[in-house]
Amino acid sequence: MSAETVQLLVVFEMLPATEQPVFVREILRRLPPCDSGPLDDQEAAQAGDEWAALLEREENDSQAR
């Protein structure tokens, strides 16, 4: 990762929580189209498992507060 990229990430982390999604939307809007090819069942299942684990961690973290 370049120093410039690291610097952008540091500044991103300093943004207010309400501005971070705005920034991400603008970055994604500027990206060129990308086709990663077909998604097979195993990849879809793994992505679903990872997403469910992330949501569970977030829920557990919010309950601990």
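**A tour from Pro16**

Select Pro16: with a relative accessibility of 47%, this residue counts as partly exposed. The cut-offs explain the label, because partly exposed covers the range between buried, under 20%, and exposed, over 50%. Now look at where Pro16 sits. The residue lies in the loop that runs between helix 1 and helix 2.

Next, colour by confidence. Remember that this is a predicted model. The protein has an average pLDDT of 91. A score of at least 70 is reached by 98% of the residues. Which element has the highest mean pLDDT? Select helix 1, residues 3-14: its mean is 96, the highest among the elements. Then select helix 3, residues 41-64, where the mean is lowest, at 90.

Now for the aromatic rings. How many aromatic pairs are there? The count is one. To find the pair, select Phe12 and Phe23, whose ring centres are 5.6 Å apart. Their planes meet at 45°, so the pair is tilted. Tilted is the class left between stacked, under 30 degrees, and edge-to-face, over 60. The pair joins distant parts of the chain, with Phe12 in helix 1 and Phe23 in helix 2, residues 20-30.

Last stop: show the surface and check each partner. Is Phe12 buried or exposed? Phe12 is buried, as its relative accessible area is 18%.

Notes
Residues numbered from 1 in each chain as written. Predicted model: local features only at pLDDT ≥ 70, side-chain atom pairs only at ≥ 80, totals over all residues. Heavy atoms only, no water. pLDDT = per-residue confidence, 0-100. Helix = DSSP H or I, 4+ residues; strand = E, 2+ residues; numbered from the N terminus. Phe/Tyr/Trp six-rings, centres within 6.5 Å; stacked < 30°, edge-to-face > 60°. Buried < 20%, exposed > 50% of the residue type's maximum accessible area, 1.4 Å probe, protein only.
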